[in-house]
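Please look over the sequence and the structure shown here before reading the report.

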Amino acid sequence: MTDQRKLWVPPTLGRRQLIVGAGAVGAAGLLAACGGDDDTASVNTTAPSGTTAATEPPGTTAPGAPATTAPGVTETTVPAGGIKSGGTLRVGVVGSTNDLMDAQYIVARADQARLITGWEPISNYDDNFNIAYNNSLAEEIEAVAPDQYVVRLKQGVEFHNGKTVGADDLIYSFNRLIDPELGIAPNLTQFIDANSFTKLDDRTVQIDLLKPSVAFLYGMADYGATIVPVDYARFAGDPATQIGTGAFKLKSFTPGSESVHTRFENYWGESYLDEVQIIDFADQSALVNALSSGDIDVAIDVPYAQAGSIESSGELTLLESQAGNWQTITMRVDMAPFDDVRVRQAMRLISNREEMVQRVLSGHGRVGNDMYGVLDGSYPKDFPQREQDIEAAKALLKDAGQENLEIELFAPDDTAGLPEYATAFAEQAKAAGINVTATVLDGGTYWGDQYTQRVFATSYWSTRPYLNQVGAGSLPTATYPETHWPPAGSNFVELYDQAIAEVDTDKRNELIREMQRQEYEEGGNIISYFQNLIDGHATYVKGAVARPNLINFDHFGRGWKNIWLDL
Amino acid sequence: MSEQTVALTIKDLRLDVAQTGHDIVDEITLNIERGKVLGLVGESGSGKTTVGLAVLGHARKGVAISAGSITIEGSNVLALDRKRLRQARGRLVSYVPQDPGTALNPALRIGGQVLEVLETHGFGADAAERQARVTEVFEEVKLPSAASFLRRYPHQLSGGQQQRVGLAMAFAARPAVIVLDEPTTGLDVTTQAHVLETIRNLAQQHGVAALYVTHDLAVVATLADEVAVMYAGRIVELAATADVFAKPAHPYTRYLVAAAPEMGSDRQLVGLGGRAPSPGQRPKGCAFAVRCELATDECRAEFPAVTNVNPNGSHEVRCFHAFGVPERTVPRATASITSSGTDDAALALRNVTASYTGVAVVHDVSFDIARGECVALVGESGSGKSTLSRSIGGLHREWQGEISLDGESLARSSRDRPVQQRLAIQYVFQNPYSSLHPRRPIAESIGRPLAIAGVDKREIRREVDRMLERVSLSASYGSHFPDQLSGGERQRVAIARALVSKPKVLICDEVTSALDVLVQAATIELLVDLQNELGLAMLFVTHNLPLVRSIAQRVAVMSDGAIVELGTAEDTLSNPQQDYTQRLLIDTPRIPDFESGQPA
Amino acid sequence: MGIFKLIIRRLLLGVATLFVVSIAVFLLTNVLGDPVKRMLGRGALPDVVTARRAELNLDEPIVNRYFTWLKGLLTGEPGVSYTNGTPVWELLSDRVKNSLFLMALSSAISIPLSLFIGGYTALRRDGWADRVMSNQLLVLAAMPEFVVGAFLTVIFATNIWHIVPAVSRIRPGESPWSDLDGMILPVATLVLAVTPHVGRTMRAAMIEVLESDYVEMARLKGLPERSVLWRHAFPNALGPTLQVIALNIAYLAGGVVIVESLFNFRGLGIALRDAIPEANAPVVQFIAMFIATIYVISNLMADLFTIIVTPRLRTRLQ
């Protein structure tokens with residue numbers, strides 16, 4: 001069981017799927033965006049930031065030339081001959097006969113690829129993780145109040161069947177998300193119900209929330225918050241029913257085999273390929289083999305171990321994007337010895353983060369600074385990078401009377417990286433004169449009753465907007481209070497309540513910065529690294545840009561419209 | 001013996017163990033004329049089959065033909081290349097196997113198996129002619145020749161029919177020489193008699209020289225024109241059949257003749273202990289010397305050359321002491337127990353009917369065996385004699401009627417009988433392997449009945465040693481394992497095991513049928529002695545009629561599950577009252593009285 | 001004639017076997033777990049769960065569900081995949097075809113090959129060819145399939161040469177014939193996996209036959225070696241080998257998960273592997289029944305062939 005899970009669930013996927021038993025890799029991100037206390041969610045979720053109602057002119061951005069260039073972005077160069085049109089792109093992704101196709105719901109990565117191919121969300125994030133509309137269907141979203149938003153759709157966007165995208169479709173799409181029969185995003189019902197929507201005109205809808213939350217705003221930028229036509233239903237055999245607005249429309253789909261998507265001539269933006277095939281692979285090694293032998297053009301999600309073989313080939317190349325998935329060593333702030341902040345601080349000074357990136361991720365990641373929400377626009381990049389400092393750690397431990405600390409650090413055997421992280425940390429702790437014993441448990445046991453109860457343990461998370469992550473893990477009401485943050489006497493909860501109701505980005509970011517500062521200085525997480533997303537592709541596949549990203553292969557080339565073949 | 005009439009000449013043939021170079025047979029020299037049968041006699045391991053196969057240029061795995069020549073119709077078989085040898089086999093010289101049950105291909109029709117010989121050798125002008133020859137040869141071997149019969153598979157034939165198919169295959173392409181390797185072993189006497197007659201006729205009619213390999217002196221005596229006796233890989237005596245039986249010259253031959261049971265005489269069979277040395281262990285001198293009463297230093301130093309001891313003809317022998325062995329034919333001291341009164345009966349059968357899965361195979365059998373009496377139960381295979389004897393021993397449970405021991409009725413299964421009764425009736429099987437635990441020292445096997453009866457260990461040990469001594473095995477044999485013993489020794493162990501519990505009744509089921517004639521004789525000798533000494537009631541089950549008079553006082557003849565004749569051995573075998581018994585006697589090969597000049 | 005009676009008798013026995021298997025399969029798939037919980041996750045609302053259970057008829061008594069399922073199976077409606085609502089037959093029909101094709105192709109190559117190798121090594125027993133081949137067979141038999149498959153991939157498809165495709169690429173709805181190139185590595189791997197077993201069995205059977213009296217007799221009759229081997233020895237060695245072949249065929253039909261996975265071959269093995277953890281009962285049940293059917297059929301065929309090459313058994317029927 002455990003081995004099979006490892007085959008299916010790459011280390012970048014969220015933990016909760018493992019807890020519920022290899023179920024959902026992630027429902028659409030709206031779940032995570034709106035409350036973050038259901039955790040069947042998220043392959044990757046989004047990071048909020050940006051303006052409340054930033055309006056960018058609708059339109060397209062030339063592939064490989066995003067409107068704004070964020071740090072860490074590698075440009076792909078457009079050859080002198082310019083972009084070539086035509087051709088079929090063959091994309092390999094791990095999938096199975098359990099694959100499904102739903103415009104708003106996914107379980108596995110293959111489902112995610114297909115969703116993004118066929119459908120587009122209400123809004124989207126730009127390279128700086130601010131809300132934008134260049135890859136989405138809204139023309140503008142106005143935050144009238146923390147509990148009132150007005151969505152105006154772009155004019156004249158066509159569905160695959162020729163129908164124009166309108167307000168009714170938007171309302172239907174929201175109602176579908178909260179449809180209890182479908183169970184796509186049941187937690188969204190705390191914000192909206194059937195009476196929340198008012199159609200102002202053919203392309204404008206006013207949404208009144210049941211309670212104020214800016215998280216809802218960011219949720220609409222999630223890739224899963226798509227607009228489907230009225231009466232849309234999940235795939236049940238007939239490809240003609242899968243109507244979306246994406247640049248490629250479904251021609252055929254066989255779960256566990258492949259889906260074929262052909263160019264949608266009336267797409268509102270620009271695209272280059274004639275056809276996209278999304279081909280299921282039973283496991284990652286077959287996927288990489290297929291790429292090596294030229295049977296596919298793109299391999300989604302390549303294991304670290306095989307990245308080298310792709311890099312060394314002249315015909316293949318890696319697309320490695322910085323991402324926000326993180327692994328952590330958790331210390332319970334309410335229990336000895338970690339109820340003493342000096343012990344927590346000492347532990348954080350023990351971690352050699354560069355070494356962790358090398359040892360655990362084979363170099364495919366970047367160092368962490370004990371804060372999460374790295375792909376959130378609010379992330380305080382200016383806080384000093386914490387480095388290993390054994391002497392300072394020793395001094396803190398001595399002050400706390402814990403210079404001879406002996407403690408057991410637990411890790412599960414079903415999550416690649418965590419046992420290695422725990423072991424490496426135990427070794428590094430020796431230098432500080434304390435004795436940490438890394439104990440690896442069977443995954444079922446680890447995530448069982450004792451999960452969140454252990455004083456010293458490991459865990460991993462996908463990327464969420466900061467506030468959503470706080471809701472999931474760092475509040476007394478959190479679903480998985482691993483560190484039992486915040487400590488008594490802290491004003492952390494009040495800051496959270498203010499921030500979630502603050503529609504002004506600058507003001508909200510100020511609040512978030514203070515929250516981050518508290519966690520940076522006194523928190524219970526040792527976040528040593530963030531993992532990268534790695535995909536492989538043939539060198540003639542152009543248009544995908546390596547930049548900080550939430551989703552593989554440059555957000556699947558935003559539904560492949562940015563991708564072209566230099567053949 | 002003119003050159004023109006000789007069909008087969010073997011000269012100085014030698015075969016070795018391929019790996020070690022030790023000789024298996026050596027200095028084999030003989031001739032067979034057209035239409036004549038030469039009997040090649042020897043006990044198992046003497047090398048007779050090896051010689052027989054060599055005539056076809058064939059040596060089994062691990063055996064190599066290393067010297068000599070075999071000439072058939074002018075060509076030396078051993079000098080032929082592969083292709084020519086293949087052409088010679090089946091055409092020039094053919095082979096009749098020992099066990100047609102395994103030598104016929106179970107997957108092929110019998111007609112086809114004969115036909116392929118003709119096809120391979122391009123016999124006849126066309127397919128029709130070959131097909132006609134198949135029909136003809138089936139008629140020659142007295143088999144039905146209808147197409148439906150030719151289409152049968154081997155398993156659809158009786159043993160006798162299978163052997164006739166073997167003959168048909170051998171005679172089909174009209175070879176000059178036929179090698180027959182114990183072809184009648186396992187056949188019942190009537191079938192054997194018919195097959196032998198067929199062989200004799202075919203050989204004569206078609207002028208085929210036959211090399212008949214066997215251990216059965218009686219068969220040789222009735223069939224062969226000449227006899228070659230082999231011992232330890234050498235021919236020790238070679239002469240006309242009458243000369244060999246009337247005036248055996250080599251001590252070994254004389255022992256053989258003395259050991260052969262005779263239907264018409266109740267003389268004591270004289271066995272001989274020991275066994276022939278195997279390849280690699282053969283002495284420089286005469287291989288028989290170690291067992292020979294006459295052996296001198298000369299014998300041990302040198303292997304005697306071939307001498308002709310018949311001034312008027314050819315009687316070759318390799319012995320320094322030819323004719324020197326004393327007369328071995330001793331009249332038997334017959335125990336004069338003839339009573340069959342119930343008072344004396346140790347074992348009494350009343351209306352015993354036994355069946356297999358509901359089908360009756362033994363019908364209403366009644367007879368008694370008195371103390372000190374041996375009753376021979378004879379019959380062909382399938383007559384029900386084994387089922388009956390197993391019912392007495394309680395090994396077969398599906399029977400009705402009454403069997404009583406000393407007047408006490410016995411339960412059907414030995415398991416339901418009290419220990420005393422179980423120990424009182426002992427059983428010796430044909431194959432002692434099955435009754436001796438292969439991984440137990442034999443002393444343990446022998447002592448087992450006593451151990452089960454709860455006898456003290458030291459007492460068991462003493463009894464076992466005594467029994468080993470009694471069956472002419474030294475006490476040191478006790479630590480041996482069954483596979484370290486010869487067949488005869490194993491049978492002695494089985495007898496010791498049967499007798500250790502001092503039984504009242506001993507059942508011997510074909511106990512000698514797997515043994516060579518000398519060993520058989522020695523075993524019979526032992527059984528007769530023991531029976532007299534211990535006053536045993538014995539049931540001796542056998543298909544070998546000539547053996548009967550050497551051991552039993554009375555004989556019960558069984559056919560189709562019923563006792564058809566019951567009387568004293570002498571009366572029954574010399575003056576049988578029933579047709580069935582008469583026919584059995586006629587069909588049983590016997591050594592003719594060559595001395596008094598009676599025809600074979 | 002007797003043989004038809006036997007076939008009918010064995011067929012009925014096979015059907016009875018499958019019936020028993022169907023009960024076992026149905027019961028076992030019901031303890032895989034709750035598919036609704038898996039589908040909806042932990043946050044599912046109770047009335048949604050109830051509704052979904054009703055939708056899948058999971059609220060009915062198990063006996064009724066069994067007979068509904070059995071009826072569907074027999075009438076060609078084996079249900080709908082729990083995970084994506086696709087009808088099972090639609091989901092798996094290509095895979096059934098592919099698996100059967102893989103089985104047939106691998107068998108068609110490996111059976112004659114292993115019979116030949118077994119026969120040849122038996123004939124050249126203890127010669128150098130036998131030693132080399134027997135050792136190779138032993139090594140291959142001991143080597144896990146994924147090692148063999150990975151070797152072949154590295155050598156012929158990815159790192160050293162690019163002669164053949166590394167993965168199978170049979171398009172949905174297309175015949176496996178359309179991708180013979182892609183069949184090369186999976187078939188080669190399976191042939192290398194199956195041949196040692198059958199080959200060694202054949203070798204042992206052939207050695208026994210070659211030492212039999214009737215083969216010696218055939219040689220003593222002067223038959224050419226070709227005829228000795230093909231006419232006399234081979235048919236008799238085939239009987240014992242057939243049973244092993246039957247087992248291997250059943251294995252090829254559904255037990256080759258590792259090979260399917262390695263070459264991304266769209267067969268039933270992978271589908272079964274994927275369906276079990278999801279408690280996707282309709283898929284599991286269909287595949288299990290399919291494999292059981294192949295197993296029954298291949299054994300039936302083996303028995304029939306055995307009877308055909310064994311006159312003793314054949315004539316007993318008459």
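## Chains and their contacts

The model is a predicted one. Two pairs of chains touch, and the pair with the most contacts is that of chains A and C. Chains A and B, by comparison, are joined by no contact, and their closest C-alpha atoms are 48 Å apart.

## Chain A

Chain A contains 17 helices together with 19 strands, and of its 567 residues 65% count as buried. When contacts between residues at least 6 apart in the sequence of chain A are considered, 71% of them join residues at least 24 apart. The accessible surface of chain A is about 17,800 Å², and carbon and sulfur atoms account for 48% of that area.

## An enclosed helix in chain A

Helix H7 of chain A, which covers residues 284-292, has eight of its nine residues buried, so this helix is largely enclosed by the rest of the structure. The buried residues of H7(A) are A:Gln284, A:Ala286, A:Leu287, A:Val288, A:Asn289, A:Ala290, A:Leu291 and A:Ser292. After H7(A) comes A:Gly294, a residue whose phi is positive and lies near 85°.

## Chain C

Chain C has 14 helices and zero strands, and its pattern along the sequence accordingly reads α-α-α-α-α-α-α-α-α-α-α-α-α-α. The C-alpha trace of chain C spans about 85 × 60 × 30 Å along its principal axes.

Of the 318 residues in chain C, 53% count as buried. Among the contacts in chain C with a separation of 6 or more, 70% are between residues 24 or more positions apart. Chain C exposes about 14,200 Å², with 68% of this area supplied by carbon and sulfur atoms.

Two packed helices are described by the angle between their axes and the distance between the axes. In chain C, the axes of helix H5 (residues 88-123) and helix H13 (residues 281-309) come within 11 Å and cross at roughly 30°. Because angles under 35 degrees count as roughly parallel, H5(C) and H13(C) are described as roughly parallel to each other. The crossing in which H5(C) passes H13(C) is right-handed.

On the side of H5(C), the contact is made by C:Val88, C:Trp89, C:Leu91, C:Leu92, C:Val96, C:Leu100 and C:Met103, while H13(C) contributes C:Pro282, C:Val283, C:Phe286, C:Ile287, C:Phe290 and C:Ile294. Sorted by class, the contact between H5(C) and H13(C) has 13 nonpolar residues, with no polar and no charged residues.

## An oblique helix pair in chain B

In chain B, helix H5 (residues 127-140) and helix H7 (residues 159-172) have axes that come within 9 Å and cross at roughly 130°. H5(B) and H7(B) are therefore oblique to each other, and their crossing is right-handed.

The residues that make this contact are B:Arg133, B:Val137 and B:Phe138 from H5(B), and B:Val165, B:Ala168, B:Phe171 and B:Ala172 from H7(B). By class, the residues in the contact of H5(B) with H7(B) comprise six nonpolar, no polar and one charged.

How values were computed: Residues numbered from 1 in each chain as written. Chains lettered and ligands numbered in written order. Predicted model: local features only at pLDDT ≥ 70, side-chain atom pairs only at ≥ 80, totals over all residues. Heavy atoms only, no water. Axes fitted to C-alpha atoms, helices over the stretch in contact; angles between N-to-C directions. Helix = DSSP H or I, 4+ residues; strand = E, 2+ residues; numbered from the N terminus. Parallel < 35°, antiparallel > 145°, perpendicular 65-115°, else oblique. Left-handed = near helix turned anticlockwise from the far one by under 90°. Contact = heavy atoms within 4.5 Å. Nonpolar A, V, L, I, M, F, W, Y, C, P; charged D, E, K, R; others polar. Buried < 20%, exposed > 50% of the residue type's maximum accessible area, 1.4 Å probe, protein only. Areas by Shrake-Rupley, 256 points an atom, 1.4 Å probe, with all protein chains shown as cover.
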